[in-house]
Amino acid sequence: MKIAGIELRRVAMPLVAPFRTSFGTETERDVLLVRVDAGAAEGWGECVAMSEPLYSYEHVDGAAEVIRRFLVPILAAAPSVDGYAVGELFEPIKGHPMAKAAVEMAVLDAQLRIAGMSFGGFLGAVKETVPAGVSVGIMDTIPALLTAVESYLAAGYSRIKLKIEPGWDLEPVAAVREQFGPDVLLQVDANTAYTLADARHLARLDPYDLLLIEQPLSEDDMRGHAQLARVLQTPVCLDESITSARAAADAIALGACSIVNIKPGRVGGYLEARRVHDVCAANGIAVWCGGMLETGLGRAANIALAALPGFVLPGDTSASDRYYATDITEPFVLEDGHVRVPTGAGLGVTVDSAELSARTTATEWIPF
Ligand SMILES: CC(=O)N[C@@H](Cc1ccc2ccccc2c1)C(=O)O
Ligand SMILES: [Mg+2]
């Protein structure tokens, strides 16, 4: 596929409500979008990096610079490009998985639109809908939390995930179990907020029959997670630590986790995400699709990925209105606790140009 040029576009996406985690509170996303002009079709990619390096070392301005200065010139120099080639072409550039994933996604979208193939069809989706879970932030009070959880259960969400941190863990979990009973699928996400010294404290979550505890310790504390997993009844799930298929294989071999949260931006793209899925499936490790508050573009790609056979747990592939009053594509809606896998060519969603321009804060066109 010949690329005529690439556009980097920043859009401001105000959240319907502040979203608080152990590493900060987000009220508006500053999203970097990548548009590939391949002549016969254009392809869109979404970079999931936050404004500040609080989830991982990447941040949106840095990702834009890496794409502009290092990744685009590599693509421009290539005689022809397809989704499979992008990952290999970017090998010499160390790290920056979210920057790389955004470009690969845009190339894949263009290529698949031209080929008339859906993202799900390309990746190996085996389902037409996937169960949607929801991630609930840290709240000011327990009543506020229970009100939020009640609204999500009423909307039909298949699974509730509570953000936790020291000082907000046992009480919210106990309150949700007390209020909504033992059958609600419930899990927690610490975003690395604890240390091994908290092991006995975290073991006090065991009686609440959680599906998993996500990333309790530091991203690079593989041995700590393995030690913690031996102490807890609750299965340990890793997110930030799983930066590649090899990292997944290592974590599994070391007993650091028994469930994996897959995020294409964190591992460098959708093809690597599929390789993480394959490694986990080969080891009998359940996976689910994480979320990074994506617009309908990233959401479409994630839902297609979540339709692969190994994604046996509900992911954070919530409906669009969990985060945004209006999206830059047609919104994903909850239907009986599920979201529908797009069937159109490429991502299978269309950017609403009016919404896009209304939210655009910057755009730059880089001709090849
Ligand atoms: C849905 C969910 O909990 N996502 C991340 C955390 C997270 C939280 C806040 C974010 C703000 C802007 C961009 C990405 C973000 C990711 C997680 O699973 O760990
Ligand atoms: Mg997480």
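The legends below describe close-up views of a predicted model. Local features are given only at pLDDT of at least 70 and side-chain atom pairs only at pLDDT 80 or more, while totals for chains, interfaces and linings use all residues. Residues are numbered from 1 along each chain as its sequence is written, chains are lettered from A and ligands numbered from 1 in the order in which they are written, and side-chain values use heavy atoms, with hydrogens and water left out.

View 1. Helices (H or I, at least four residues) and strands (E, at least two) are DSSP runs, numbered from the N terminus. Helix α1 covers residues 60-77, and its end C-alpha atoms are 25 Å apart, which agrees with the 26 Å that its 18 residues should span at 1.5 Å a residue; the expected span is 1.5 Å times one less than the number of residues. At Leu71 the helix bends by about 40°, with Pro73 following within four residues, the bend being the angle between axes fitted to the seven residues ending at a position and the seven starting there.

**View 2. The buried residues of α1 and what covers them.** Val60, Ala63, Ala64, Val66, Ile67, Leu71, Val72 and Leu75 are buried in α1, where buried means under 20% relative accessible area, exposed over 50% and partly exposed in between (1.4 Å probe, protein chains only). An α-helix has 3.6 residues a turn, so residues three or four places apart point the same way. The elements that cover the buried residues of α1 include the strands β1 (5-21), β2 (24-37), β3 (42-47) and β13 (360-367), together with the helices α2 (83-89) and α3 (97-115). Glu65, also found in α1, counts as partly exposed at 30% relative accessibility.

**View 3. The magnesium ion (ligand 2) and its donors.** Asp189 (OD), Glu214 (OE) and Asp239 (OD) coordinate the magnesium ion at 2.1 to 2.2 Å. Donors are N, O and S atoms within 2.8 Å of the metal (3.2 Å for Na, K and Ca), and the site may look incomplete because water is not among the atoms. In sequence the donor residues follow the spacing D-x24-E-x24-D. Glu214 lies in strand β8 (residues 213-214) and Asp239 in the loop between β9 (236-238) and α9 (245-253), so this pair ties together parts that are 25 residues apart in sequence. Both Glu214 and Asp239 are buried.

**View 4. The surroundings of ligand 1.** Of the 20 residues around ligand 1, those that come nearest are Ser135, Lys161, Lys163, Asn191 and Gly291, a residue being near if one of its heavy atoms lies within 4 Å. An N or O atom in the side chain of Ser135 is 3.0 Å from an oxygen atom of the ligand, and a polar side-chain atom of Lys163 lies 2.8 Å from an oxygen atom of ligand 1. At Gly291 a backbone N or O atom lies 2.8 Å from a nitrogen atom of ligand 1.

**View 5. Asn191 in its loop.** Asn191 lies in the loop between β7 (186-189) and α7 (199-203), and is buried, with a relative accessible area of 4%. Leaving aside neighbours within four places in sequence, Asn191 is in contact (heavy atoms within 4.5 Å) with Thr21, Ser22, Phe23, Tyr55, Lys163, Glu214, Gln215 and Glu240.

Key: A polar contact is a pair of N or O atoms within 3.5 Å; within protein, one must be able to donate a hydrogen and the other to accept it, and residues adjacent in sequence count only if both atoms are side-chain atoms.
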